[in-house]
Amino acid sequence: MHTFVRPSTFTLADVDRKLNAAKLSLPKAQQLTPPDSSSEGGSSPSEADYFPEFPSEEVRPLDQCIAIFEKGPRPASASLALLNDEEVIQLADAGKIAAYALEKLLGMDALERAVRIRRALISRASSTQTLELSAIPHESYDYSRVLGACCENVVGYIPIPLGVAGPLKVDGVSYPIPMATAEGTLVASTSRGCKALNAGGGVTTVLTADGMTRGPAIDFPSLVQAGQAKAWIESEEGYSALRTAFESTSRFAKLKSLKTALAGRTLYIRFTTATGDAMGMNMISKGTEKALDALQKRFPGMVILALSGNYCTDKKPAAINWIEGRGKSVVAEAVVPGHVVKNVLKTTVQDLCNLNIKKNLIGSAMAGSIGGFNAHAANILTAIFLATGQDPAQNVESSMCMTLMEPTNGGEDLLISVNMPCIEVGTVGGGTVLGPQQGVLDMLGVRGAHPTQPGKNAQTLARIIASAVMAGELSLMSALAAGHLIRAHMTHNRSQVNTPAPSAPVTPGPQSNTVLAQLARSNSGRSPFSPLTPLTPSMSQLSLSKLRR
């Protein structure tokens, strides 16, 4: 952008005229007050130093922009409204305003402008200088829901394709399965699983536990005192005192259990709490702080090392979550008729059960997996998390899942179940405050807090997720058993955009002698640098068929 400098013929009369025009255009509360002539040194800035003017294409010198910002109408947003974007950028470059505080300074009615200016600041300071005019969208978004809740230093938003699998019948009710993903075949595959599960009457779920956890770490002056604290917490008196303090912070936070463990002089306490329809991390953290205050009154020598001592455990794989659960613990099962396994899934009950044992159970055990006794539970769970405003980092523990398959009804039909002890979801708070995510929750009928049964909406969402995971597990395992996985991904998961041309010569691989001979004949007499003749469809199929065998 070009910088324009005012002509030297600009007079003080012109300044007065523009100042008066600006005053008349502003509400009384925002009009400029002339500086006090009794200021230090017997002189004061002239009205020209304010130089107020509504935004134009011209960019005024930095000193004039500073004068408008510092001495113009209050609040600061009124002064900044008199400056154009480039002039605000000048102030930021000069250190007069902070880029992270643009929303606060510009005001709630200029949130998109704050994002636009920040994009320019970051872009011009970077080595690539691409952000300002990039394809990352930033317009027509409700940033008021983001501010102070979901993200900082915002420069736009990232759209993710949203697909719908299903519907899937869960506990007698049909639900569309929303999935935000960029992986081809995932929605289609899950839909196929939904079709197979519906054919057997749908999915039945059982909620076995509901409790979010927080596990602080506390140091004591001696092992004896640490042991005394552990014993007191586990006593009726201690538990009652901590529960009273904990539950005083929220009408929804209900302490369900305390689990303690000692490592030398360090005591770990695992608070487990019902959190209503919220996922509950903020709620339980607030309650834990209050409970620790009560504990410190009993043991004043203790030192709180961290509110989270990784005994929770949040966003990390941990056996304690797999064994005791975290969030919503759900078990789901369904019976798939044998003819559906054959005609829809293109495999057999026997092959599916054998593959599930060898892959999901034995294979995962050989790898030393914790909670990874499944084919791709994280795929479906994370896609639904993104669509419904959940914390995607919590897929680490939430996607822990054990998939079981066995023949039933005399070996004719398939009994399939999934066990997911750590589905950490909520329908209020976090990303669920964003408009698009609320629209998805509305589609499922679980938006916000349940009006009569606190926690029911979040529990229903967890049941839907477990059932959708089952559909995804069933479809992928069937594709593997039938040898269809590569074929499906070659059809649906190969973007032609930005796909580089094949290298020449072709990287050697496990191709048949026939294919290699055809390649040699078709390229005989060519220069070593000439591109090879591409494989014909029949040759590609021959190569893939041999790979599958």
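The largest pocket is lined by 42 residues, and Cys150, Gly389, Gly431, Leu434 and Gln437 are the ones that lie nearest its centre. Its volume is about 1200 Å³. This is a predicted model, in which local features need pLDDT of at least 70 and side-chain atom pairs count only at pLDDT 80 or more, while totals for chains, interfaces and linings use all residues. Residues are numbered from 1 along each chain as its sequence is written, and side-chain values use heavy atoms, with hydrogens and water left out.

Pockets and cavities are found on a 1 Å grid over the protein atoms alone: a cavity is a set of points where a 1.4 Å probe fits but cannot get out, a pocket is an open set with protein on both sides within 12 Å along at least five of seven lines, and lining residues have an atom within 4 Å of a point. Grid points are joined across faces, edges and corners, and a volume is the space filled by probe spheres set on the points.

Helix H11 (281-298), helix H15 (377-388) and helix H17 (435-444) each supply at least two residues of the lining of the largest pocket. Helices (H or I, at least four residues) and strands (E, at least two) are DSSP runs, numbered from the N terminus. By residue class, the lining of the largest pocket has 26 nonpolar, 13 polar and three charged residues. Ala, Val, Leu, Ile, Met, Phe, Trp, Tyr, Cys and Pro count as nonpolar, Asp, Glu, Lys and Arg as charged, and the others, Gly among them, as polar.

There are two cavities of 30 Å³ or more in the structure. The second largest cavity has a volume of about 30 Å³, and its lining includes Asp210, Gly211, Met212, Lys328 and Glu424. Strand S3 (204-214) gives the largest share of this lining, three residues, and strand S8 (327-336) supplies at least two. The lining of the second largest cavity divides into four nonpolar, three polar and three charged residues.

Helix H14 (residues 349-366) has 18 residues and reaches 24 Å from its first C-alpha to its last, close to the 26 Å expected at 1.5 Å a residue. H14 bends by about 25 degrees at Asn356, the bend being the angle between axes fitted to the seven residues ending there and the seven starting there. Asn356 is also one of the buried residues of H14, among them Leu352 and Asn360; buried means under 20% relative accessible area, exposed over 50%, partly exposed in between (1.4 Å probe, protein chains only).

Strands S5 (residues 254-263) and S6 (residues 266-274) run antiparallel and are joined by nine bridges; strands pair if DSSP finds at least two bridges between them. Ala261 has Tyr268 of S6 as its bridge partner. The two strands form a hairpin with two residues between them, and Gly264 in the turn has a positive phi of about 65 degrees.

| Site | Value | Location |
|---|---|---|
| Arg74 to Pro75, cis | omega about 0 degrees | Pro75 in the loop between H3 and H4 |
| Gly166 to Pro167, cis | omega near 10 degrees | Pro167 in strand S1 |
| Thr185 | phi about 80 degrees | loop between S2 and H8 |

Asn153 counts as partly exposed because its relative accessibility is 45%, whereas Thr185 is buried at 14%.

Technical notes:
The expected span of a helix is 1.5 Å times one less than its number of residues.
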